[in-house]
Each structure stands twice: as structure tokens, then as C-alpha cells.
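This briefing goes through one protein model by topic. Please keep the sequence and the 3D view open while reading.

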Amino acid sequence: MVGFKATDVPPTATVKFLGAGTAACIADLITFPLDTAKVRLQIQGESQGSVRTAASTQYRGVLGTILTMVRTEGPCSLYNGLVAGLQRQMSFASVRIGLYDSVKQFYTKGSEHASIGSRLLAGSTTGALAVAVAQPTDVVKVRFQAQARAGASRRYQSTIDAYKTIAREEGFRGLWKGTSPNVARNAIVNCAELVTYDLIKDALLKANLMTDDLPCHFTSAFGAGFCTTVIASPVDVVKTRYMNSALGQYSSAGHCALTMLQKEGPQAFYKGFMPSFLRLGSWNVVMFVTYEQLKRALTTACTYREAPF
């Protein structure tokens with residue numbers, strides 16, 4: 001395992017699972033306003049029809065979007081959908097990040113020397129599996145972030161109301177809307193994020209440029225955040241638009257992407273790029289640094305509990 005000496009006790013799958021979910025929730029609490037700004041910028045310009053969102057408001061840039069939301073909807077609007085977001089991370093990140101090493105070892109049959117192919121395969125597997133578990137929480141989170149906070153025109157009044165309303169009005173399938181683009185998006189994100197982090201950290205340690213501590217984790221996470229944003233932005237925009245769309249607005253995720261291309265041009269696929277990068281970069285740094293520390297703390301606690309003396 002990268003970063004652990006032969007004398008160290010590696011963290012168990014349970015430690016990684018719990019540590020990843022907890023670290024992701026901490027990262028979400030810190031970076032959620034950037035994610036909300038990203039969603040607002042991504043849906044800006046689409047024809048909403050009967051969908052009641054804040055898309056009619058014009059946003060300019062990350063800071064401009066945040067300031068406009070604070071001025072027109074209040075500071076709390078930056079945390080629209082936070083409850084669903086934390087539900088998503090606890091179930092989603094636990095699977096896609098926490099199980100990554102275990103799945104990678106499965107594909108390499110326990111070998112410490114994993115090829116890029118094995119890492120990509122592991123990232124795709126845990127990314128897709130995470131979507132299967134957490135898709136409804138992602139749909140609710142996006143819907144909340146897209147809607148204006150104030151007024152009777154709000155689509156949903158609470159997280160529970162959102163789950164119930166979507167299930168009632170759109171059926172069970174409504175809670176799984178956008179699963180296909182989300183599987184594609186998260187397979188890509190997981191590969192770009194985890195594999196890039198893994199490779200950068202591995203290279204830094206093998207070249208003896210850094211030791212397995214905070215600077216190494218920070219550098220690896222920041223690089224992973226940038227690579228992930230560049231690769232995943234187009235799929236992320238389509239996913240956001242499709243999840244937020246009214247029933248029947250788009251026949252499929254492919255139709256959503258084609259409509260965007262025809263009406264708004266190729267640049268539409270990179271709407272919200274800067275908040276995406278700021279959010280993913282900062283999210284990766286907070287999440288991976290916290291995750292590494294939690295793994296060590298939980299492993300030490302488990303070891304002490306088994307052998308206190």
C-alpha cells in the first residue's frame with residue numbers, strides 16, 4: 001500500500017469505509033457554497049419550462065454568483081441541499097473512496113505493484129457502485145441547489161418533502177433520474193481523482209521528493225482536483241441539467257447534451273468550470289488530507305483497543 005512502511009499496520013476496509021465517508025462530509029461542509037455556485041452556473045441559460053428554479057437570475061463568475069445568491073436569497077441559500085449532500089457523501093464517498101484500495105487489490109490479486117489499468121478498473125468499479133447506492137440523494141441535492149430559496153415558488157420545502165414529491169410526481173424512476181450520466185460522470189471522476197492522487201503520491205514517495213505526510217497529501221490532492229475538473233466537467237454539466245429537468249423536458253441524457261450543443265454551443269459543457277475547479281480542488285485537499293489522518297487515527301485506535309498494553 002502506498003505510503004505505508006512494512007512495519008506499519010495497514011488500515012482495514014472498515015476503517016477506510018468509515019474514514020472516507022466522514023472525511024467527505026467534512027469536505028462538503030467547507031466547500032458546499034462553491035458546489036451550489038457551480039450548479040447555478042451550469043443550469044444558467046437552459047430553457048426551464050415549468051421547472052421553478054433560480055436559473056432566470058443572471059450569474060457572473062464564482063464570486064458574483066455567491067454574492068448574488070446572498071443578496072437575493074440570503075446566506076443560507078448557499079447551503080441549499082446540504083442535508084441531502086451529507087447523506088450523499090456518507091453513502092457515496094464511503095463506497096467509491098473507501099473501497100478503492102480493496103477493489104484495486106482484488107484486481108491485482110493482492111500485488112503491491114498495481115498497473116494503471118488495474119487502478120482505472122478499480123476506480124470505475126467503485127464509482128459506478130457508489131452511484132447505484134446514492135443516486136436518489138444526488139438528485140435531491142441538485143434539485144435543492146438549483147431552486148431559489150425564498151418564496152412559495154420553491155419546488156420542495158424540505159429534504160423529506162423532496163424525496164416524497166419526486167416519488168409521487170415522477171415515480172420511483174424519478175429518484176434515479178440521470179443514473180446513466182451519473183455513472184459515466186462518477187466513473188470518470190473516480191478514475192481521474194483517485195488514480196491521479198494515487199499516481200502522484202506514489203511518484204513523490206518513490207522519488208523521495210516528499211515523505212508520506214501533509215505536504216505530500218496536499219500536493220497529490222490538488223493535482224487530482226485539477227485533472228478531475230478538466231476531464232469530468234462536460235459530463236458533470238449534462239448530469240446536472242438532466243437531473244434538474246422537468247419531466248419530459250429531455251428524452252435522455254444524450255438528448256440533453258445534444259440540446260445544449262445546438263442551443264448554447266460547445267462552451268456550454270464547461271459552464272461553471274472555475275467553481276468546479278475551486279470546489280474540486282479544495283474538496284480534494286480537505287477530503288484526502290482528512291482521510292489520511294482519519295485512517296491513521298482509526299487504525300491506531302483499533303490497534304490499541306486490541307492490544308492496550
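The model is predicted. Its chain holds ten helices and zero strands, and buried residues make up 55% of the 309 residues.

**Overall fold**

- Along the sequence, the secondary structure reads α-α-α-α-α-α-α-α-α-α.
- Among contacts with a separation of 6 or more, 77% are between residues 24 or more positions apart.
- The chain exposes about 13,600 Å², and carbon and sulfur atoms supply 66% of that area.

**Helix α9**

- Helix α9 covers residues 253-264. Its twelve residues should span 16 Å at 1.5 Å a residue, and its end C-alpha atoms are 16 Å apart, so the two values agree.
- The buried residues of α9 are A253, C256, A257, T259, M260 and E264. They lie on the same side of α9, because the arc they cover around the axis is only 160°.
- Which helices do the buried residues of α9 pack against? Their partners are α7 (179-206) and α8.
- G265 follows α9 and has a positive phi, near 85°.

**Loop between α7 and α8**

- N208 is located in the loop that runs between α7 and α8.
- The phi of N208 is positive, near 55°, although the residue is not glycine. Most residues other than glycine have a negative phi.
- N208 counts as exposed because its relative accessibility is 66%, and the cut-off for exposed is over 50%.

**Nonpolar surface patch**

- Which residues form the nonpolar patch on the surface? The patch consists of F226, V230, I231 and Y270, and together they have about 350 Å² of accessible area.
- I231, one of the patch residues, sits in helix α8, which comprises residues 214-244.
- Is I231 buried, partly exposed or exposed? Its relative accessibility is 48%, so I231 counts as partly exposed; a residue is called exposed over 50%.

**F273 in helix α10**

- F273 belongs to helix α10, residues 273-306.
- With 24% relative accessibility, F273 counts as partly exposed; the cut-off for buried is under 20%.
- Leaving out residues up to four places away in sequence, F273 touches T229, V230 and S233. One of these, V230, is also a member of the nonpolar patch.
- F273 and S233 are 40 residues apart in sequence, and their C-alpha atoms are 6.8 Å apart.

**T65 in helix α2**

- T65 is part of helix α2, which runs over residues 61-73.
- How accessible is T65, buried or exposed? T65 counts as buried, because its relative accessibility is 0%.
- Not counting residues up to four places away in sequence, T65 touches A37, R40, L41, Y59 and R60.
- A distance of 9.7 Å separates the C-alpha atoms of T65 and P275, which are 210 residues apart along the chain.

Definitions and conventions: Residues are numbered from 1 along each chain as its sequence is written. This is a predicted model: local features need pLDDT of at least 70, side-chain atom pairs count only at pLDDT 80 or more; totals for chains, interfaces and linings use all residues. Side-chain values use heavy atoms; hydrogens and water are left out. Patches are made of residues with over 30% relative accessible area and no salt bridge: like charges are joined within 9 Å, nonpolar side chains (Val, Leu, Ile, Met, Phe, Trp, Tyr) within 5 Å. Accessible areas come from the Shrake-Rupley method with a 1.4 Å probe; for residues, only the protein chains shown count as cover. A salt bridge is a side-chain nitrogen of Lys or Arg within 4 Å of a carboxyl oxygen of Asp or Glu. Helices (H or I, at least four residues) and strands (E, at least two) are DSSP runs, numbered from the N terminus. Buried means under 20% relative accessible area, exposed over 50%, partly exposed in between (1.4 Å probe, protein chains only). The expected span of a helix is 1.5 Å times one less than its number of residues. The arc is that of the directions from the helix axis to the C-beta atoms. Contact means heavy atoms within 4.5 Å.
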